[in-house]
Amino acid sequence: MIAPKTLKMSLKSLRDFAKKKLPDETLIELDERDECPLEIVRYMCNPDQLGIQLLFIPEEYGGLGGGAFDVYCICEEMARIDLGIATAVLATFLGSDPITVGATPEQKKHWLSRIADEGILFAYGATEPEAGSDLGALKTTADPVLQDGRVVGYKINGNKQWISNGGIADTYTVLANTPAGPSWFVVEKGTKGFTHDEPEGKHGIRLSNTAALAFNDVYVDADRLIGGVEGQGLNQAQAVFGYTRLMVAAFGLGAGWSALDRAIPYSTKRIQAGAPLSEKQGYTHKLIVPHVVRLEAARSYIEETAERIDAGEGSLNTEGAIAKYMASEAGNAAAEAAIQALGGYGYTHEYMVEKISRDVRITTIYEGTSEIMEMTISRDRWQLHLKTRGQYYHEQAQALEKLHTRRPNVGADVAALAAHALAEVMEKARIGRLTRYQHILLRLGELIAFTECAGSLARRADRLAEGKLSEKANRRFDSTALAGLSRVFAREAALKVAEEGLRLAIGAGAVSEAETAALEASMQMPAIHRAQAGLIADMDYLADVLYNRAAKSAARAA
Ligand SMILES: Cc1cc2nc3c(=O)[nH]c(=O)nc-3n(C[C@H](O)[C@H](O)[C@H](O)COP(=O)(O)OP(=O)(O)OC[C@H]3O[C@@H](n4cnc5c(N)ncnc54)[C@H](O)[C@@H]3O)c2cc1C
């Protein structure tokens, strides 16, 4: 783990560099030219210059040994600058992951030291024209080459699609089928038979290079098989999902905030109907406040998951999926709202929010689409529901109720209502065998993600008030404001779970008319409705916090 002071310094150098070298006009120009600024990417990865790569490489190989929390902080900062450049720089981290988790000690020493010492760029080659979400369908092959009955190398044949850094990387990790199953190989640029296409013309992240790769009888020595044992590829890919999805979650968070941080000051200066837009409740409470709330709920889950990964709780794939799902969806919604917040100006290329909204779109697609995240989340928590005989979310609710008795202002009681309602919906789904409908399985994934984020945000507000939040944690909001954010999000989560849950259960025919009232009662619908009391006052308060009108707000309360 990096020391908090070192991390702070790295983040500051990154910000200073971006301010000097990547002002908005430069980014917009590069976006228009659809150009990846390779020199900038190399500068950022060069150990003698910015050396961002060093943060992710273990100390024994010459890096700084950053953990998941450090990765999240850097990724958020990078995304606030530009998501295309962030993708290009972080592709090396993603590309070297199969090595970090699965390589032999010699392979690790060779490749990870080269990233630290030389700043070589990696690309991660998994996706194929016919194998996207379903990687198991991959067709690229790696056939063993035998000499005296011994495997001395492999011949790789096939195609990869949408590979970040595909046209600019020095080294590629490539997933291919061996006789024992999918396996990762390291292939260097310039290897005979290995070519890449022209960069794709993309909707967003146009400052990143994305290209297809072709392998035509590409020979690599046996020591390029990562880990030295065939058939470990999918396990090695799985082993880092918690981590890598957290990276993309941080991308969504950074891009979403970057859009809002443009809309907020804009609205203080734009006068319509005799007053700044920032003073119009119909504007702030639709286009700004709810997005801040959802982004901070996602942040809370990201930070909690990062801390747990760093504490050695394993790769936490489902938690990574929840973090990615919530942050990327919130980031997209925030950027979309920022365009609306800037009106006609927001719709033009001249204003960054337009570019950000195109850039952030990728975060719900790569590293697993939102729908695949919903499926991952739902399947895992469904098993927990069954294993605990329906008690999993009731137990989470009880813990939140305990928190509420100790700290009544963080909305933990309402987050508990969401968790109880979720447990009831899941139980109804079990009895009615509703997960045979894929639509319901995936929608449950969304309800689970909202419920868990509501609990996480309440815990975060409590920890901040207790002075127990990690030193590296984001401190944009003080404990009173975070409690307000938590109350607003908990209300949204509880209402969503109750109403959507009911709609799905009734919609699938699992609840007769006569049974509806009983289900509504078991989900505590009236309590969830009553919990909405105070919503507008909380949103008024949050708008005052965001626009630095806290003094005015306090006077009004008095
Ligand atoms: C700019 C960019 C950069 C990328 N960088 C990389 C990279 O560096 N390395 C790499 O390996 N890959 C990379 N990718 C690929 C990316 O990870 C895939 O695009 C992604 O996993 C989705 O796969 P797909 O495009 O084949 O879509 P599909 O899997 O065909 O999905 C299409 C749609 O169907 C939905 N869907 C899929 N399966 C199901 C299902 N079972 N049930 C319900 N709905 C389903 C999806 O959610 C999606 O909405 C990149 C992609 C882009 C666009």
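How many residues of the shell around the ligand are nonpolar, how many polar and how many charged? The legends below take up this question and others for a predicted model.

**Figure 1. The protein chain as a whole.** The secondary structure of the protein chain comprises 21 helices and 9 strands. Its radius of gyration is 24 Å, close to the 24 Å given by the globule rule for 558 residues, so the protein chain is as compact as a globular protein of that length. Along the principal axes, the C-alpha trace of the protein chain spans about 80 × 55 × 40 Å.

Figure 2. The largest pocket is where the ligand sits. Two or more residues of the shell around the ligand come from each of the elements β3 (150–164) and α13 (370–387).

**Figure 3. The shell around the ligand.** The shell residues divide into 10 nonpolar, 7 polar and 3 charged. There are 20 residues around the ligand, and those that come nearest are Y124, T127, S133, T369 and E371.

Figure 4. In the side chain of T127, an N or O atom is 2.7 Å from a nitrogen atom of the ligand. An oxygen atom of the ligand lies 2.6 Å from a polar side-chain atom of S133.

Key. Residues numbered from 1 in each chain as written. Predicted model: local features only at pLDDT ≥ 70, side-chain atom pairs only at ≥ 80, totals over all residues. Heavy atoms only, no water. Near = heavy atom within 4 Å. Polar contact = N/O pair within 3.5 Å; in protein donor to acceptor, adjacent residues only side chain to side chain. 1 Å grid on protein atoms, 1.4 Å probe; cavity = no way out; pocket = protein on both sides within 12 Å on 5 of 7 lines; lining within 4 Å. Sits in = over half its atoms within 2 Å of the grid points. Helix = DSSP H or I, 4+ residues; strand = E, 2+ residues; numbered from the N terminus. Nonpolar A, V, L, I, M, F, W, Y, C, P; charged D, E, K, R; others polar. Rg over C-alpha atoms; globule rule 2.2 N^0.38 Å.
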